Structure formats: structure tokens, C-alpha cells
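Reader: I have the sequence and the model open side by side, and I would like to go through a few parts of it with you. Could you show them here before we start?

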Amino acid sequence: MTFAAYAVHPTPIGEALLLTTADGLAALSILDGPAYAEVARLGLLLHTVPVPGTGEEADAAAQLDEYFAGTRRDFDVPLDWQLTSGFTRRALEAIVAVPYGETASYAEIAIAAGAPGANRAVGTACARTPWSIVVPAHRIIRSDGSIGEYGGHPERKRYLLELEAGADE
């Protein structure tokens, strides 16, 4: 059984649930509902009962604060990839390479992940990423330049893109 600890951390776009294991950050979710529901969902997927924060999540929370303050462009917290596999994992690994302040299309990520034409599958990978912000799915846009839905919260995506665009000003 995997050990997991969680904490809820405030951000400008909503409360973030940070869940860590011995291998690293397993999830960073911007909450749409009660934290306990997301903790329970992640616990089922990880086959464990997450416990309230034990300090492992402090580095991820600090890096998240630095990102929103405009002083961090890349996250270097170790990631626990056990909630991803197959094409989803390849797509998320390609998304990590999209530089701060830049965007890529779903089609470009599909090519980088080794599956040209799998644009919808990239969209699914973005929607199902365990790590909001740290794996920058918000940088992935439609080929026509529109930003997409971002899990039903396009305002969050717009906020993150504008945050990164304004960092050099």
C-alpha cells in the first residue's frame, strides 16, 4: 500500500489539493467541490487512505506560491507518475516540455507524443492530468488559437496564460 499525504493550499484560481507519496507529487487539483471528495477519489486510485499533511507537500506549495507571484517558471518537485500510463503519460511528458509563456496546439503535442492525429486523445490527457499547473496543460490550445474549456473553467486557463504572458512586462 502506498503512503499518501495531502494538504489544501490557497491559490488565486481556487483551493489546490496537493497529494504526495514517497515518490513525489502524485496530484495537484484545483478543487471544484469539497476536498474530502477528491482525497477519497485519489485514495481509491492509489489504493491507500491519504492522511493530512505531514510536510512533504510544503515544497510543492511553496513552488506554487512562487509561480503565482511570477518568480517561478519551472517546477522541480518530483512527480509520482503512477496515476498515468500509455499515451496519456507520453502526452503529459510532452506537455512538460512546453516553455513558460508559450503555447502549443493539441496537434503539436500529439506529434511530440508519437501519435500524429491523436488531438482528441491529447485533450483527454489534458483533462485527466493529475497535476494542474505543474504539468502545464493550460499551455495547450486549439489549432485555431482558441483556448478551449480547461475542465469547464476557461477563466482559470485564461488567468494562467495571462499570468505567464505578463511576467516579462
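Reader: Which feature does UniProt place at residues 6-80?

Author: In this predicted model, residues 6-80 carry the UniProt feature "domain: Methylguanine DNA methyltransferase ribonuclease-like", which comes from an unreviewed entry. The span is 32% helix and 25% strand, and its end C-alpha atoms lie 14 Å apart.

Reader: And what does the domain assignment of the chain give?

Author: The assignment gives domain 1 at 4-69 and domain 2 at 86-166. Taken over C-alpha atoms, the centres of domain 1 and domain 2 are separated by 21 Å, and 13 residues of domain 1 are in contact with 13 residues of domain 2.

Reader: Let me turn to the strands, then. How do β2 and β3 run, and how many bridges join them?

Author: The strands β2 and β3 run antiparallel, with six bridges joining them, and a hairpin connects β2 to β3 through two residues. Within this pairing, Thr20 stands opposite Leu25 in β3.

Reader: Is β3 enclosed or open, going by how many of its residues are buried?

Author: Seven of the seven residues of β3 are buried, so this strand is largely enclosed by the rest of the structure.

Reader: Switching to helix α2, what span should its residues have, and how far apart are its ends?

Author: Helix α2 covers residues 58-69, and because each residue is taken at 1.5 Å, its 12 residues should span 16 Å, which agrees with the 16 Å between its end C-alpha atoms.

Reader: Which residues of α2 are buried, and where do they fall when seen down the axis?

Author: The buried residues of α2 are Ala60, Ala61, Gln63, Leu64, Tyr67 and Phe68. Seen down the axis of α2, these buried residues fall within an arc of 165°, so they line one face of the helix.

Reader: What covers them?

Author: The cover over the buried residues of α2 includes the strands β1 (4-9), β2 (16-21) and β3 (24-30), together with the helix α6 (154-165).

Notes: Residues are numbered from 1 along each chain as its sequence is written. This is a predicted model: local features need pLDDT of at least 70, side-chain atom pairs count only at pLDDT 80 or more; totals for chains, interfaces and linings use all residues. Side-chain values use heavy atoms; hydrogens and water are left out. Helices (H or I, at least four residues) and strands (E, at least two) are DSSP runs, numbered from the N terminus. The expected span of a helix is 1.5 Å times one less than its number of residues. Buried means under 20% relative accessible area, exposed over 50%, partly exposed in between (1.4 Å probe, protein chains only). The arc is that of the directions from the helix axis to the C-beta atoms. Contact means heavy atoms within 4.5 Å. UniProt positions are given in the numbering used here, feature names are shortened, and annotations may be inferred rather than shown by experiment. Two strands pair if DSSP finds at least two bridges between them. Domain bounds come from an automatic or database domain assignment.
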